[in-house]
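Reader: Please put the model on display, so that we can go through its architecture and its contacts by question and answer.

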Amino acid sequence: MTNRRATFAPARRAAGLLAGLALGVALLAGCSSNGADTDCGLDACTVAFDRGVNASATILGIEAKLIGAQDDQVTVEVAGEQLSLTTGQQATEVGGLQVSLDSVTDQQVVLRVARNPNG
């Protein structure tokens, strides 16, 4: 008597591929921007705002806007609250998120927005 084993590898691979695509679409659907580039993971996003335009991005369920920038200090609006941030300063908490300023150049302002690990 021989034992035959059914193989479902192609079906499993297809199911895994579909699940991965669905997750990717869900992550991308959570981000949108105008005058900004976003790079998001599960718990954090980096937002590069273009200077000189009305730049905004919707990330992690909130809206972030660049209000103004001068030297190494910027004013942003995150989750409806205005923040003044300086490069190198500790992250500021707003709406359950940690917001920090990564860099400021003549061309861009780069923010990091992360979910607060404590809340």
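Reader: In what order do the elements of the protein chain run from the N terminus on?

Author: This is a predicted model, in which local features need pLDDT of at least 70 and side-chain atom pairs count only at pLDDT 80 or more, while totals for chains, interfaces and linings use all residues. Residues are numbered from 1 along each chain as its sequence is written, and side-chain values use heavy atoms, with hydrogens and water left out. The order is α-β-β-β-β-β-β-β-β-β-β.

Reader: Which strands are the edge strands of the five-stranded open sheet?

Author: Strands pair if DSSP finds at least two bridges between them, and five strands form this antiparallel open sheet in the order S2-S3-S10-S9-S8. At one end, S8 is joined to strand S9 (residues 97-104) by three bridges, with Thr92 having Val99 as its bridge partner in S9. Pairing on one side only marks the edge strands, which are S2 and strand S8 (92-94).

Reader: Which residues touch the most other members of the largest nonpolar core?

Author: A nonpolar core is a set of buried (under 20% relative accessible area, 1.4 Å probe, protein chains only) Ala, Val, Leu, Ile, Met, Phe, Trp, Tyr and Cys residues joined through side-chain atoms within 4.5 Å. Leaving aside neighbours within four places in sequence, Val78 is in contact (heavy atoms within 4.5 Å) with Ile62, Glu63, Ala64, Leu83, Val94 and Val99. Of the 23 residues in the largest core, those touching the most other members are Phe49, Val76, Val78, Leu85 and Val99.

Reader: With which residue does Asp43 form a salt bridge?

Author: A salt bridge is a side-chain nitrogen of Lys or Arg within 4 Å of a carboxyl oxygen of Asp or Glu, and a search of the whole structure finds one. The closest N and O atoms of the pair formed by Asp43 are 3.8 Å apart, and the partner is Arg115.

Notes. Helices (H or I, at least four residues) and strands (E, at least two) are DSSP runs, numbered from the N terminus. Buried means under 20% relative accessible area, exposed over 50%, partly exposed in between (1.4 Å probe, protein chains only).
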